[in-house]
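Dear colleague,

Please find below the structure that I am handing over to you. My notes on it follow directly after.

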Amino acid sequence: MNNIKISKEALIRGEQWYQGAIRAFEDERWNDVVYSYEMAVEQVLKAILILFGREYPKIHDIRKFYLNINVKDFPKWFIDKMDFHASILKELVKLRSISSYGYVDGITKDYFKEDAIKFKEDVEQIIKDCKKLIKDFSNE
């Protein structure tokens, strides 16, 4: 596949967003954690779309495109996780806007502490899943 290189770059970008989330977690900047989680998941799922040559618009909520990939070549372990990936993205997309503009409505960074803790393992798992799939398809 000629999309492997770009897919890997998108994966790296997702991992960088996650690294930013971890730094924000350590600093207790909970709103930044949630924002960065969403960006991390969005980027790694876009990496999968890129890997399979699937076009998508420049939007954050790409669930419709992700769930409509022709999965005939996907391993079963990944297919079984796609609904989970999409559900986490859905929740994070909802939180993303208020995490960046919540101050308008008087929402403080601490409002997101519970979500920052709750989504940490899920985001890590999604990144691992996408990384493994890309690695498998690039024969590394």
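Leaving aside its neighbours within four places in sequence, with which residues is Ile-48 in contact? They are Ser-7, Tyr-66, Ile-69, Phe-74, Phe-78, Cys-130, Leu-133 and Ile-134, where contact means heavy atoms within 4.5 Å.

Two remarks on conventions come before the rest. This is a predicted model, in which local features need pLDDT of at least 70 and side-chain atom pairs count only at pLDDT 80 or more, while totals for chains, interfaces and linings use all residues. Residues are numbered from 1 along each chain as its sequence is written, and side-chain values use heavy atoms, with hydrogens and water left out.

The nonpolar core

Ile-48 and Val-123 have the most contacts inside the largest nonpolar core, which has 40 residues. A nonpolar core is a set of buried Ala, Val, Leu, Ile, Met, Phe, Trp, Tyr and Cys residues joined through side-chain atoms within 4.5 Å. Buried stands for under 20% relative accessible area, exposed for over 50%, and partly exposed for values in between (1.4 Å probe, protein chains only). At least two residues of this core are supplied by each of α1, α2, α3 (63-67), α4 and α5. Its largest share, 13 residues, comes from α2. Helices here are DSSP runs (H or I, at least four residues), numbered from the N terminus.

Asp-129 is found in helix α5 and counts as buried, because its relative accessibility is 3%. Not counting residues up to four places away in sequence, Asp-129 touches Trp-77, Phe-78, Lys-81 and His-85.

Aromatic pairs

The structure holds eight aromatic pairs. Rings of Phe, Tyr and Trp (its six-membered ring) pair if their centres lie within 6.5 Å; planes under 30 degrees apart count as stacked, over 60 as edge-to-face and the rest as tilted. Tyr-18 and Tyr-37 form a stacked pair, because their ring centres are 6.3 Å apart and their planes stand at 15°. This pair links distant parts of the chain, with Tyr-18 in helix α1 (residues 4-26) and Tyr-37 in helix α2 (residues 30-51), 19 residues apart. Tyr-18 and Tyr-37 are both buried.

Phe-25 and Trp-30 are edge-to-face, because their ring centres lie 5.1 Å apart with planes at 90°. Phe-25 counts as partly exposed at 22% relative accessibility, whereas Trp-30, at 5%, counts as buried.

Salt bridges

How many salt bridges does the structure hold? There are twelve, a salt bridge being a side-chain nitrogen of Lys or Arg within 4 Å of a carboxyl oxygen of Asp or Glu. In helix α5, Glu-124 and Lys-120 lie four residues apart, about one turn of the helix, and their side chains meet in a salt bridge (2.9 Å, N to O). Glu-124 is partly exposed at 25% relative accessibility, and Lys-120 is partly exposed at 25%.

Lys-132 and Asp-136 also both lie in helix α5, four residues apart; their salt bridge is 3.2 Å, N to O. Lys-132 is partly exposed at 41% relative accessibility, and Asp-136 is partly exposed with a relative accessible area of 35%. Salt bridges that share partners also join Asp-27, Arg-29 and Asp-32 into one network.

A further salt bridge is made by the side chains of Lys-109 and Asp-110 (3.4 Å, N to O). Lys-109 counts as partly exposed at 36% relative accessibility, as does Asp-110 at 48%.

The loops and the surface

Glu-28 lies in the loop between α1 and α2. Its phi is near 60°, a positive value in a residue other than glycine. Most residues other than glycine have a negative phi. Glu-28 counts as partly exposed, because its relative accessibility is 44%.

The loop between α4 (76-101) and α5 (113-137) holds Tyr-103, which is exposed with a relative accessible area of 58%.

With kind regards
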